[in-house]
Protein chains: 6
Amino acid sequence: MPIVRVEMWPGRTEAQKAELARVITDAVVTIAHTTPEATFVIFEDIAKENWAQGGVLASQKKEKK
Amino acid sequence: MPIVRVEMWPGRTEAQKAELARVITDAVVTIAHTTPEATFVIFEDIAKENWAQGGVLASQKKEKK
Amino acid sequence: MPIVRVEMWPGRTEAQKAELARVITDAVVTIAHTTPEATFVIFEDIAKENWAQGGVLASQKKEKK
Amino acid sequence: MPIVRVEMWPGRTEAQKAELARVITDAVVTIAHTTPEATFVIFEDIAKENWAQGGVLASQKKEKK
Amino acid sequence: MPIVRVEMWPGRTEAQKAELARVITDAVVTIAHTTPEATFVIFEDIAKENWAQGGVLASQKKEKK
Amino acid sequence: MPIVRVEMWPGRTEAQKAELARVITDAVVTIAHTTPEATFVIFEDIAKENWAQGGVLASQKKEKK
């Protein structure tokens with residue numbers, strides 16, 4: 001029943017999410033010994049004005065990554 | 001203080017969410033012995049391109065449910 | 001694919017969780033038009049010293065519910 | 001590594017979120033003895049039709065706060 | 001209805017959590033214009049063997065903070 | 001800033017979590033174009049009596065995976 005949740009800034013394409021879902025699922029199945037059907041991957045886009053490090057919103061500082 | 005969080009694909013109407021909130025709250029109050037005022041239900045819509053099972057995005061396979 | 005997450009204070013028995021899972025799943029299936037197999041319910045116990053309302057930990061005030 | 005997640009109804013400005021991120025980070029650094037760089041704050045807006053108390057969606061009752 | 005969730009490594013005392021809950025609630029009430037009673041703070045301890053940065057579990061590298 | 005959260009049943013060793021963290025981080029860095037330092041992986045063990053599919057707790061049915 002692994003549920004994997006990936007929070008990232010917006011901007012990744014559906015193709016990137018599809019590849020991430022595939023690779024992460026493979027890793028979970030292989031390493032944690034489960035089945036693909038029992039493995040879920042959920043993506044959540046977090047806008048930069050909704051995410052802060054060091055007390056500063058990502059929308060208000062120099063982008064680093 | 002029960003907090004119930006429901007993640008579903010988009011497409012449910014506000015009426016469906018209202019009914020779900022009512023029925024889930026009743027269940028929690030009755031079975032877990034709390035009060036309605038202390039019970040919260042939060043809905044989150046997860047787009048199909050943000051949700052994968054078996055390593056495949058729901059937006060890229062045959063819909064099943 | 002509904003995923004329902006229920007956060008409560010500790011103290012509910014496995015029997016209460018089993019009944020909650022059954023009733024919540026029925027509600028989701030009926031109202032949101034999905035299948036039981038696609039519906040997941042996850043419980044998380046939150047200790048009272050890890051939960052505050054009004055700025056006061058539940059472990060440090062009069063219990064209300 | 002503290003990760004702080006703030007769920008609120010929509011309507012707060014980016015300036016309010018920036019101030020909240022700053023003040024919460026200061027509190028976590030000071031009280032929990034970590035560093036600003038290791039402290040993250042994430043905001044999630046929850047629409048009123050996605051949030052219920054007492055079994056009633058916030059979008060369907062008198063606003064209280 | 002703000003719900004604030006704080007994930008940290010274990011080791012903070014109940015007194016630290018109590019102070020954090022109080023200060024964070026004050027900040028949310030003042031900055032986001034809500035009431036103390038409507039503001040919840042939930043703490044979750046994440047063990048170091050359950051938390052990785054840079055692909056390395058915190059339990060397996062030099063502690064930094 | 002990707003934050004990856006992996007919920008699984010208990011029973012995986014720290015070595016399995018370490019390998020999962022490494023492989024998932026590699027995948028996120030490569031596919032989503034971020035840095036290892038900005039990528040976090042958090043594991044949460046969900047006991048079988050806290051997890052239901054089809055309205056039945058995993059602790060109360062035949063194990064399948």
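Hi everyone, this is a short walk through how the chains of this predicted model meet one another.

Some bookkeeping first. Residues are numbered from 1 along each chain as its sequence is written, while chains are lettered from A and ligands numbered from 1 in the order in which they are written. The model is predicted, so local features need pLDDT of at least 70 and side-chain atom pairs count only at pLDDT 80 or more, whereas totals for chains, interfaces and linings use all residues; side-chain values use heavy atoms, with hydrogens and water left out.

Let's begin with chains A and F. Contact here means heavy atoms within 4.5 Å, and on that basis chain A brings 26 residues and chain F brings 26 residues. The size of an interface is often given as the accessible area lost when the parts come together. For chain A and chain F the buried area is about 2500 Å², and carbon and sulfur atoms give 70% of that. Buried area, to be clear, is the accessible area (1.4 Å probe) that two parts lose on being put together, summed over both.

How many salt bridges are there across the interface of chain A and chain F? The rule finds 0, a salt bridge being a side-chain nitrogen of Lys or Arg within 4 Å of a carboxyl oxygen of Asp or Glu. Polar contacts do turn up: 7 residue pairs across the interface of chain A and chain F, both residues at pLDDT 80 or more. A polar contact is a pair of N or O atoms within 3.5 Å; within protein, one must be able to donate a hydrogen and the other to accept it, and residues adjacent in sequence count only if both atoms are side-chain atoms.

Which elements of chain A supply that surface? Strand S1 (3-8) and helix H1 (14-32) of chain A each give at least two residues to the side that touches chain F. The largest share, 9 residues, comes from H1(A). By type, the side of chain A that touches chain F splits into 17 nonpolar, 4 polar and 5 charged residues. Our classes put Ala, Val, Leu, Ile, Met, Phe, Trp, Tyr, Cys and Pro as nonpolar, Asp, Glu, Lys and Arg as charged, and the others, Gly among them, as polar. Helices (H or I, at least four residues) and strands (E, at least two) are DSSP runs, numbered from the N terminus.

Now look at the strands themselves. S1(A) is joined by 5 bridges to strand S1 (residues 3-8) of chain F, and the two run antiparallel. Val4(A), for example, has Val6(F) in S1(F) as its bridge partner. Two strands pair if DSSP finds at least two bridges between them.

On to symmetry. Chain A superposes on chain F by a rotation of 180° with 0.0 Å of shift along its axis, at an RMSD of 0.0 Å. The two copies are thus related as by a two-fold rotation axis. Superposition is by least squares on the C-alpha atoms of residues with pLDDT of at least 70 in both copies. Among the residues of chain A, Arg5(A) comes closest to the rotation axis, at 2.5 Å (C-alpha).

Arg5(A) also has a partner elsewhere: its side chain meets that of Glu7(B) in a salt bridge at 2.4 Å, N to O. That pair crosses between chains, from strand S1 (residues 3-8) of chain B to strand S1 of chain A. Over all chains, the salt bridges come to 18.

Between chain C and chain A the count is 0 salt bridges. Chain C can be laid on chain A by a turn of 180° and a shift of 0.0 Å along the axis, with an RMSD of 0.0 Å. Ile3(C) is the residue of chain C closest to that axis, at 4.9 Å (C-alpha).

An open sheet of 8 strands runs S4(D)-S3(D)-S2(B)-S1(B)-S1(C)-S2(C)-S3(F)-S4(F), with mixed pairing. Strand S4 (56-57) of chain D and strand S4 (56-57) of chain F stand at the edges with a single partner strand each, so one side of each is left without a neighbour in the sheet.
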